[in-house]
Amino acid sequence: MALFLLLPILFIVALSFGDSRWLIFPPPNWTLKWYHELFADPRWLAAAWTSAKIALIVMVLSVALGLLASLALTRGTFKGRAVLRAFFLTPMVLPVVIIAVALYAAFLRLGLNGTLVGFVIAHLIVALPFSIITISGALETFDPSIEDAAILCGASPWEARFRVTLPAISHGLFSAAIFSFLISWDEVVLAIFMASPTLQTLPVKVWATLRQDLTPVIAAASTLLVGLTVILMIVAALIRKGKSR
């Protein structure tokens, strides 16, 4: 099953190194000219920079808001915590296209469609649930009596959280950051609705180019998207492995 799922990705990687102008597999010969064309085209570079910029902003906001929400959900004693948790996790249940249509209609009225702020808000909505799940899991495994001991030793509640709790759940924060970055970096449905002629992310650029021309440059761009995702997932796995020892 894993081989069945991975084979198409491996084909794309191979096609990105083929010297044929058409997407022919197996490639007749090997070359790096499609990567050269990719990095020489300012439109592709601008799309990649836009994706990276949005993903970094979403990552920071998702971790910060996810931490505050997780503290409230795991340690709060107010009524309706289960309802609030379900509300935060709703974007994981709803189809992305429904969220995209709703945000598109709302952002048209607010003038946010096709703007950086609109992109960040849209991606943050789908990234925040993953941060809340990851950080809440780390908080639930942390013994709050350690934080209480720091307060008894003279630390203020917030000082104890910053100097004791946050380092103890750093693996959860890091995992939330990676997931949030990747969700924004790879998101295409929301990005298609939010994009404008002057502001496009890399997945939207790939999608638009696919509709116009089946050039191997698309395979090169897709390979870079997959490569960054794989690298970050490996880093997250290594950190979790090191933390569990």
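Ile146, Glu147, Ala150 and Ile151 on the α7 side meet Pro157, Ala160, Arg161, Val164 and Thr165 on the α8 side. Sorted by class, this contact brings together six nonpolar, one polar and two charged residues. Do keep in mind, as you look around, that this is a predicted model.

Let us stay with that pair for a moment. Helix α7 covers residues 144–152 and helix α8 covers residues 157–168. The crossing of α7 over α8 is right-handed.

Helix α3 (residues 42–75) packs against helix α4 (residues 81–93) at an angle of about 150 degrees, and their axes are 10 Å apart. Because an angle over 145 degrees counts as roughly antiparallel, α3 is described as roughly antiparallel to α4. This crossing, of α3 and α4, is left-handed. From α3, the contact draws on Ala69, Ala72, Leu73, Thr74 and Arg75, while α4 brings Arg81, Leu84, Arg85 and Phe88. By class, the α3 contact with α4 holds five nonpolar, one polar and three charged residues.

Here are the two pairs together:

| Helix pair | Angle between axes | Distance between axes |
|---|---|---|
| α3 and α4 (residues 81–93) | about 150 degrees | 10 Å |

### The chain as a whole

Stepping back, how many helices and strands does the protein have? There are 12 helices and zero strands, and the order along the sequence reads α-α-α-α-α-α-α-α-α-α-α-α. Taken along the principal axes, the C-alpha atoms fill a box of roughly 70 × 50 × 35 Å. Of the 245 residues in the protein, 40% are buried. Among contacts with a separation of 6 or more, 71% link residues 24 or more positions apart.

UniProt, in an unreviewed entry, places the feature "domain: ABC transmembrane type-1" at residues 48–236. Across residues 48–236 the model is 84% helix and 0% strand, with the end C-alpha atoms 22 Å apart. The "signal peptide" feature, also from an unreviewed UniProt entry, is listed for residues 1–18. Residues 1–18 are 83% helix and 0% strand, and their end C-alpha atoms are 27 Å apart.

### Two residues to look up

Is threonine 50 buried or exposed? Threonine 50 sits in helix α3 and has a relative accessible area of 9%. Since buried means under 20% relative accessible area, threonine 50 is buried. Leaving out residues up to four places away in sequence, threonine 50 touches Leu199, Gln200 and Thr201.

Glycine 114 belongs to the loop between α5 (96–110) and α6 (116–141). With a relative accessible area of 17%, glycine 114 is buried. Which residues does glycine 114 touch, not counting residues up to four places away in sequence? They are Met194, Ala195, Ser196 and Leu199. Along the chain, glycine 114 and proline 197 are 83 residues apart, and their C-alpha atoms are separated by 8.3 Å.

Note on methods:
Residues are numbered from 1 along each chain as its sequence is written. This is a predicted model: local features need pLDDT of at least 70, side-chain atom pairs count only at pLDDT 80 or more; totals for chains, interfaces and linings use all residues. Side-chain values use heavy atoms; hydrogens and water are left out. Axes are lines fitted to C-alpha atoms, for helices over the stretch in contact, and angles run from 0 to 180 degrees between N-to-C directions. Helices (H or I, at least four residues) and strands (E, at least two) are DSSP runs, numbered from the N terminus. A crossing is left-handed if the near helix is turned anticlockwise from the far one by less than a right angle, and right-handed if clockwise. Contact means heavy atoms within 4.5 Å. Ala, Val, Leu, Ile, Met, Phe, Trp, Tyr, Cys and Pro count as nonpolar, Asp, Glu, Lys and Arg as charged, and the others, Gly among them, as polar. UniProt positions are given in the numbering used here, feature names are shortened, and annotations may be inferred rather than shown by experiment. Buried means under 20% relative accessible area, exposed over 50%, partly exposed in between (1.4 Å probe, protein chains only). Angles under 35 degrees count as roughly parallel, over 145 as roughly antiparallel, 65 to 115 as roughly perpendicular and the rest as oblique.
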